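Subject: Structure handover and findings

Hi,

Here is the structure I promised to pass on. Please open it alongside this email.

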Amino acid sequence: MSHVTTLWAISTVPSLMDCDDMIFVDGFVSESWPSNGSGGPVNTGFRSIYINSQLGNRTFYYHIPSSYQSGHAMPIMFLFHGAGGAGTAPAGAKYSRDMWLNESQASGFIIVAQVATGSQGGWIQSNMVPILIKILDDMEARYNIEKRRIYAWGYSAGGNVLHELALYNAGEFAGYAISGADLSHAISGGVYPSTASRKLPVVLSVGQSDPRYPSVVNDYNLFQQHGWQAGYNVWFDVYSGGHHYFPSEPAAVWDKLCISTHID
């Protein structure tokens, strides 16, 4: 890992400098990578796109903040909901989007909530990835996305699969956040913090009475054992309560991921 550079409010590449005092955790690179999409409308809604002959059309929920301008590449945050039982996935995706909507508006980033394909409302990783790739392609074609600032947040079952997805594809994400989930799914698939290609920023959030609290504490320690630094590229946020996410979580997560990120 190379030197750390802190940027004060002087910006030559606005799409990279939207965060006060941004720290480039793997060194300073000032080049933006805009997708230069066609400049779609500012709105909140859902969209169905064709994936392939096996998966057909799939739906995702999204929000484009009112500050979006087609000439200014904007970060994007993907949201992965929990498993709530058969038939609940669309509502879970919409709820996740709506929970993050105020922070998206306040801080200026696009949100996209993919709908899981599992029969019990959860995630099938072999389906999740091709759908995610198609959604990203679709959004990058329709909007001007900052491709060096792709983030993700996952809750419960969505957090379990996100750990594996983000660590396995560490070069694709600027950073990610997990809520009420642990590394057990990733580890069962042979993916560990130690196998990630870089130490991308990660926020771990959990309720103090969540049954997964002890395992999330272990995960926090494991990241540090493999070179992550507390308060720099790994954080542990504890809330009063059980297995659910918390209204203050989007702002707390974005505050950390926004200032400490990796630009390739």
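Below is what I found in it, from the overall picture down to single residues.

**Overall**

This is a predicted model. The protein has six helices and ten strands. Of its 264 residues, 55% are buried. Now take the contacts with a separation of 6 or more: 73% of them join residues 24 or more positions apart.

**Helix 3**

Start with helix 3, residues 157-168. Its twelve residues should span 16 Å at 1.5 Å a residue. The end C-alpha atoms are 17 Å apart, which agrees.

Is this helix enclosed or open? Ten of its twelve residues are buried, so helix 3 is largely enclosed by the rest of the structure. The buried set is Gly 158, Gly 159, Asn 160, Val 161, Leu 162, His 163, Glu 164, Leu 165, Ala 166 and Leu 167.

Helix 2, residues 125-142, packs against helix 3. The angle is about 60 degrees, and the axes are 11 Å apart. The crossing is right-handed. Helix 2 brings Gln 125, Met 128, Val 129 and Leu 132 to the contact. Helix 3 brings Val 161, Glu 164 and Leu 165. Those three residues of helix 3 are also on its buried list.

Ser 156 lies in the loop between strand 6 and helix 3. Its phi is near 55 degrees, a positive value in a residue other than glycine. Most residues other than glycine have a negative phi. Ser 156 counts as buried because its relative accessibility is 13%, and the cut-off is under 20%.

**Aromatic pairs**

A search of the whole structure finds 15 aromatic pairs. Two are worth a look.

One is Phe 109 with Trp 254, and the pair is stacked. The ring centres are 4.0 Å apart, with 20 degrees between the planes. This pair links distant parts of the chain. Phe 109 sits in the loop between helix 1 (89-107) and strand 5 (110-114). Trp 254 sits in helix 6, residues 249-259.

Another is Tyr 155 with Tyr 245, and here the geometry is edge-to-face. The centres are 4.4 Å apart, with 80 degrees between the planes. Tyr 155 counts as buried at 11% relative accessibility. Tyr 245 counts as buried at 16%.

Which residues form the aromatic cluster? Tyr 95, Trp 100, Phe 109, Tyr 151, Trp 153, Tyr 155, Tyr 245 and Trp 254 form one cluster. Both pairs described above belong to it.

**Charges over rings**

The charged end of Arg 142 sits over the ring of Tyr 62, 5.8 Å from the ring centre. The charged end of Lys 199 sits over the ring of Trp 228, 5.8 Å from that centre.

**Other residues to check**

- Gly 108 is in the loop between helix 1 and strand 5. Gly 108 is buried, with a relative accessible area of 9%. Met 74 is 34 residues away in sequence, yet 7.3 Å away in space, C-alpha to C-alpha. Leaving aside neighbours within four places in sequence, Gly 108 contacts Pro 65, Ser 67, Met 74, Pro 75 and Glu 103.
- Asp 98 is in helix 1. Asp 98 is partly exposed, with a relative accessible area of 33%. Thr 44 is 54 residues from Asp 98 in sequence and 9.4 Å away in space, C-alpha to C-alpha.
- Asn 36 is in the loop between strand 1 (23-24) and strand 2 (44-52). Asn 36 has a positive phi, near 55 degrees, and is not a glycine. At 56% relative accessibility, Asn 36 counts as exposed, since the cut-off is over 50%.

Best wishes

Technical notes. Residues are numbered from 1 along each chain as its sequence is written. This is a predicted model: local features need pLDDT of at least 70, side-chain atom pairs count only at pLDDT 80 or more; totals for chains, interfaces and linings use all residues. Side-chain values use heavy atoms; hydrogens and water are left out. Helices (H or I, at least four residues) and strands (E, at least two) are DSSP runs, numbered from the N terminus. The expected span of a helix is 1.5 Å times one less than its number of residues. Buried means under 20% relative accessible area, exposed over 50%, partly exposed in between (1.4 Å probe, protein chains only). Rings of Phe, Tyr and Trp (its six-membered ring) pair if their centres lie within 6.5 Å; planes under 30 degrees apart count as stacked, over 60 as edge-to-face and the rest as tilted. A charge sits over a ring if NZ of Lys or CZ of Arg is within 6 Å of the ring centre and within 35 degrees of the ring normal. Axes are lines fitted to C-alpha atoms, for helices over the stretch in contact, and angles run from 0 to 180 degrees between N-to-C directions. A crossing is left-handed if the near helix is turned anticlockwise from the far one by less than a right angle, and right-handed if clockwise. Contact means heavy atoms within 4.5 Å.
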